[in-house]
Amino acid sequence: ASMNTIEFSLRENNTGSFPRGLSLMLRSMGKWIYDMNPFEPLKYEKPLMALKARLAEEGSKAVFSPLIEKYILNNPHCVTVEMQPDPEKASRDEAAEKEILAKVKSSMTKEDLAELARATEELRLKQETPDPPEALRSVPSLSLRDIPKEPIRVPTEVGDINGVKVLQHDLFTNDVLYTEVVFDMSSLKQELLPLIPLFCQSLKEMGTKDLSFVQLDQLIGRKTGGISVYPFTSSIHGKEDPCCCMVVRGKAMAGQAEDLFNLFNCVLQEVQLTDQQRFKQFVSQSKARMENRLRGSGHGIAAARMDAKLNTAGWISEQMGGVSYLEFLQALEEKVDQDWAGISSSLEEIRRSFLSREGCLINMTADGKNLKNSERFVGKFLDMLPTNSPVERVKWKAHLPSANEAIVIPTQVNYVGKAANIFETGYKLNGSAYVISKHISNVWLWDRVRVSGGAYGGFCDFDSHSGVL
């Protein structure tokens with residue numbers, strides 16, 4: 001499974017939004033900076049084939065056990081670092097800094113202080129003075145002529161399989177089939193929304209009647225390039241009700257399309273949501289991740305919090321990934337031991353509420369031949385889904401109270417956010433807000449927050465659906 005996952009990753013070479021050329025160059029750096037062949041780190045075919053042949057001949061135990069023994073078990077070059085938190089450290093550091101500054105100031109003459117004030121004012125003026133045109137012209141940049149006026153069109157064919165809408169994109173994908181199965185979540189009770197992230201994790205990391213979670217993970221690794229389950233939420237331009245879906249995404253070599261859809265069905269319908277200790281572990285992990293996110297990505301938490309005050313989609317997202325979600329996890333950690341039967345029942349209710357052909361959508365990308373060959377596996381997968389959801393649709397309509405807010409966290413970094421719905425002011429969507437937000441981020445905020453203020457940075461963003469700037 002590990003070999004298949006690594007080989008899939010190497011052959012796909014998917015760097016996401018990160019520029020592929022830059023990714024390859026950085027991969028070359030390991031040898032390039034030592035005057036060695038920069039192309040060597042990019043060549044994986046021969047080493048991969050050699051390792052696969054050795055594994056087939058000797059077995060994985062014979063190949064990896066000596067490496068574990070040499071580099072881990074019998075490796076004398078080892079250090080164990082244990083860190084203990086000190087709640088008084090920040091106040092001691094602050095007192096020490098004040099003492100140092102006081103000593104420096106007391107050692108300075110009036111002339112020294114006047115010179116320091118002059119140099120500070122000179123720096124402020126330099127930071128706030130715009131760069132002259134000749135300096136700006138010396139920086140290489142794109143012009144409008146360099147940007148294509150016509151967008152890249154992705155071919156899309158809309159079809160139907162067993163009453164379910166299927167979108168097919170005929171593109172060269174190096175024999176990989178990319179698939180998304182999207183389910184409507186509008187039947188889900190509002191109070192179950194915070195359980196969704198843990199439900200998605202449970203589908204991937206709990207076992208079935210016949211497979212432990214480790215065996216299921218290994219099977220996914222052997223047969224596919226990966227499967228993920230996650231919620232998707234968005235406002236809809238001009239509408240109050242949001243779009244809220246459950247997305248099951250997977251990819252596999254075209255020859256393993258049947259395995260991919262069989263595993264989709266296994267994850268969605270056969271995983272047993274009954275392992276209490278495993279679920280409690282998920283809760284603890286999620287709580288720790290959220291606490292770290294508060295300290296390290298406070299701007300994202302602030303943005304989610306503001307969005308939750310302005311529209312229903314933002315409120316839903318905040319329930320599943322903001323401060324409200326952290327508060328839910330803190331209470332849930334105790335509740336797992338007190339009412340596991342109720343939590344397990346809620347997880348099953350989530351599954352029943354969305355798992356049906358009604359409102360389902362299939363999205364596939366591959367070349368035309370592989371798309372055609374995959375259709376029968378799609379049909380078989382859809383036949384195994386319930387026809388309708390047994391749960392009636394509900395109407396979500398909730399916002400956080402629209403008030404200024406301060407959240408105190410143990411960090412030396414201050415995150416500040418401000419938002420408004422510009423649609424409510426009469427703004428009509430035409431794309432200008434995207435340009436304005438980029439201009440504010442890269443010019444005004446950059447100069448004020450980064451250059452003059454010395455802070456890490458600031459940004460301005462725009463959501464065209466909700467009108468939040």
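1. D35 lies in the loop between α2 (20-32) and α3 (45-58). Helices here are DSSP runs of H or I with at least four residues, strands are runs of E with at least two, and both are numbered from the N terminus. D35 is not a glycine, yet its phi is positive, near 60 degrees. D35 is exposed, with a relative accessible area of 76%. On this scale, buried means under 20% relative accessible area, exposed means over 50%, and partly exposed is in between (1.4 Å probe, protein chains only).

2. Some ground rules apply. This is a predicted model, in which local features need pLDDT of at least 70, side-chain atom pairs count only at pLDDT 80 or more, and totals for chains, interfaces and linings use all residues. Residues are numbered from 1 along each chain as its sequence is written, and side-chain values use heavy atoms, with hydrogens and water left out.

3. F39 sits in the loop between α2 and α3, the loop that also holds D35. F39 counts as exposed, at 53% relative accessibility. The C-alpha atoms of F39 and S28 are separated by 6.4 Å. Along the chain, these two residues are 11 residues apart.

4. Now the overall layout. The chain is divided into domain 1 (1-72), domain 2 (88-137), domain 3 (157-384) and domain 4 (420-468). These bounds come from an automatic or database domain assignment. Between domain 2 and domain 4, the C-alpha centres lie 30 Å apart. The chain has 17 helices and 6 strands.

5. On dimensions and surface: taken along the principal axes, the C-alpha atoms of the chain fill a box of roughly 85 × 60 × 60 Å. The accessible surface comes to about 29,900 Å², and carbon and sulfur atoms hold 56% of it. These areas come from the Shrake-Rupley method with a 1.4 Å probe; for residues, only the protein chains shown count as cover. Of the 469 residues in the chain, 33% are buried.

6. Contact range is worth a check. Among contacts between residues at least 6 apart in sequence, 76% join residues at least 24 apart. A contact means heavy atoms within 4.5 Å.

7. An unreviewed UniProt entry lists residues 83-332 as "domain: Peptidase M16C associated". UniProt positions follow the numbering used here, feature names are shortened, and annotations may be inferred rather than shown by experiment. In the model, the end C-alpha atoms of residues 83-332 lie 28 Å apart. The span is 52% helix and 16% strand.

8. What does the side chain of R118 make a polar contact with? The partner is the side chain of E115, at 2.8 Å. R118 is in helix α6 (residues 110-128). R118 is partly exposed, with a relative accessible area of 43%. A polar contact is a pair of N or O atoms within 3.5 Å; within protein, one must be able to donate a hydrogen and the other to accept it, and residues adjacent in sequence count only if both atoms are side-chain atoms. An α-helix has 3.6 residues a turn, so residues three or four places apart point the same way.

9. Next, a hairpin. Strands β1 and β2 pair in the antiparallel sense over 5 bridges; pairing requires that DSSP find at least two bridges between two strands. G159 stands opposite V166 in β2. The hairpin has 2 residues between the strands. N162 is found in the loop between β1 (157-161) and β2 (164-170). Its phi is near 55 degrees, a positive value in a residue other than glycine. N162 counts as partly exposed, at 37% relative accessibility.

10. Is helix α8 mostly covered or mostly open? Helix α8 (residues 196-205) is mostly covered, with 8 of its 10 residues buried. Q201 is buried, with a relative accessible area of 13%. Leaving aside neighbours within four places in sequence, Q201 is in contact with F282, Q285, S286 and R289.

11. Last, S324 in helix α14 (residues 323-338). S324 counts as buried, at 13% relative accessibility. The side chains of S324 and R305 are joined by a polar contact of 3.3 Å. Beyond its neighbours within four places in sequence, S324 is in contact with R305, E318, Q319 and L400.
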